[in-house]
Amino acid sequence: MKKLEELQEIISEAVTRLSFPIHPAELYEPISYILSIGGKRMRPALLLMACDLFGGNVDEALAPALAIEVFHNFTLMHDDIMDNAPLRRGRTTVHERWNKNVAILSGDVMLIEGYKLMMQVKDHLLRQILDIFNNTAVGVCEGQQIDMEFEQRNNVAINEYINMIRLKTAVVLGGALKIGALIGGAELKDADLLCDFGEHLGIAFQLQDDILDVYGDPEKFGKQVGGDIISNKKTYLLIKALELAKDHRAVELNSLLNNKQFDNVEKVRAVTDIYNSLNVRQYADTEMQEYADKAFKALDAINLPDEHKQYLRDFADGLMVREN
């Protein structure tokens, strides 16, 4: 069994070897640029991990793993346009460095390049794996659209939010694991269970991200604590607080959300005080643990040697016990 760090390194090296045409430069240079910015390469590494767990040849899973990474970065390129984001991982975003039209078109060709890589799987698996990739890609787009709709709504329910993060974030983890498992020779039942493990773990991970944004150590979290509060982002904590707040707390919370002129530090402090008074962190911790438990339940049912299941348990524990 290869360690996760080894698999991430395999992906990073393979990304540097990806080559695209020289002309037209403004179509292809942004692709190389966004891929060079880096990241944890977690999604493609999970695809390789799943293949390895079932005794498959990791080399045979490398092209589809790269497809997942190229697809993921395509979504980031387009997300940055929608969010008017100036930076991605500390570097200038593609639409800022070039322009929005370039970022749209380069993103489009990235999606196609992702399909070209995914089609390098063996023929007997191709239709099945393309179906998984298609469903994953559609899910991510649905999740992004729902997330944007939430920005215009004040009545988002917890179950709607959970479904949004499942689509926007978790389905890629599940899809990557399922594709890797099938390439590795897994039975469909086990590949589906591994997909469930990934999806539930992805939801738990995003819930933890919501918690860390408010309660994390800024030195360890790696970004501004309270950023979600400042931007009125619909997270589990805010949705739960709006659900629970009554009387003067409801008035105060809505006032903080609607006030256009505010001091960032003061707003974060005031909203966090309301969260504390309503115990929303405890609710979020409980919900996060429920999804982690669902992930482990799916894992227990997979037909794998105990040491391989322990590898996945350790991976999940490492993902969930974090400060950044």
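Tutor: Start with Asn279, which sits in the loop between α14 (264-278) and α15. Helices here are DSSP runs (H or I, at least four residues), numbered from the N terminus. This is a predicted model, where local features need pLDDT of at least 70, side-chain atom pairs count only at pLDDT 80 or more, and totals for chains, interfaces and linings use all residues. Residues are numbered from 1 along each chain as its sequence is written, and side-chain values use heavy atoms, with hydrogens and water left out.

Student: Why does Asn279 count as partly exposed?

Tutor: Its relative accessibility is 43%. Buried means under 20% relative accessible area, exposed over 50%, and partly exposed in between (1.4 Å probe, protein chains only). Asn279 therefore counts as partly exposed. Its phi is also positive, near 60 degrees, in a residue other than glycine.

Student: What makes Asn232 partly exposed?

Tutor: Asn232 has 25% relative accessibility, so it counts as partly exposed. Asn232 lies in the loop between α11 (227-230) and α12. Its phi is positive too, about 60 degrees, although Asn232 is not a glycine.

Student: Why are α12 and α15 called oblique to each other?

Tutor: The axes of α12 (residues 236-244) and α15 (residues 280-300) come within 9 Å and cross at roughly 125 degrees. Axes are lines fitted to C-alpha atoms, for helices over the stretch in contact, and angles run from 0 to 180 degrees between N-to-C directions. Under 35 degrees is roughly parallel, over 145 roughly antiparallel, 65 to 115 roughly perpendicular, and the rest oblique. So α12 and α15 are oblique.

Student: Which residues of α12 and α15 make the contact?

Tutor: Tyr236, Leu237, Lys240, Ala241 and Leu244 of α12 meet Val280, Tyr283, Ala284 and Glu287 of α15. Contact means heavy atoms within 4.5 Å.

Student: How do you know that the structure holds zero disulfides?

Tutor: A disulfide is a pair of cysteine sulfur atoms within 2.5 Å. The sulfur of Cys51 is 16 Å from the closest cysteine sulfur, in Cys195, so it is too far for a bond. The structure holds zero disulfides.

Student: Why is Cys51 called buried?

Tutor: Its relative accessible area is 0%, so Cys51 is buried. Cys195 has 14% and is therefore buried.

Student: What makes His308 buried?

Tutor: A relative accessible area of 15%, so His308 is buried. His308 is found in helix α16 (residues 306-320). His308 touches Met1 and Leu53, not counting residues up to four places away in sequence.

Note on methods. Helices (H or I, at least four residues) and strands (E, at least two) are DSSP runs, numbered from the N terminus.
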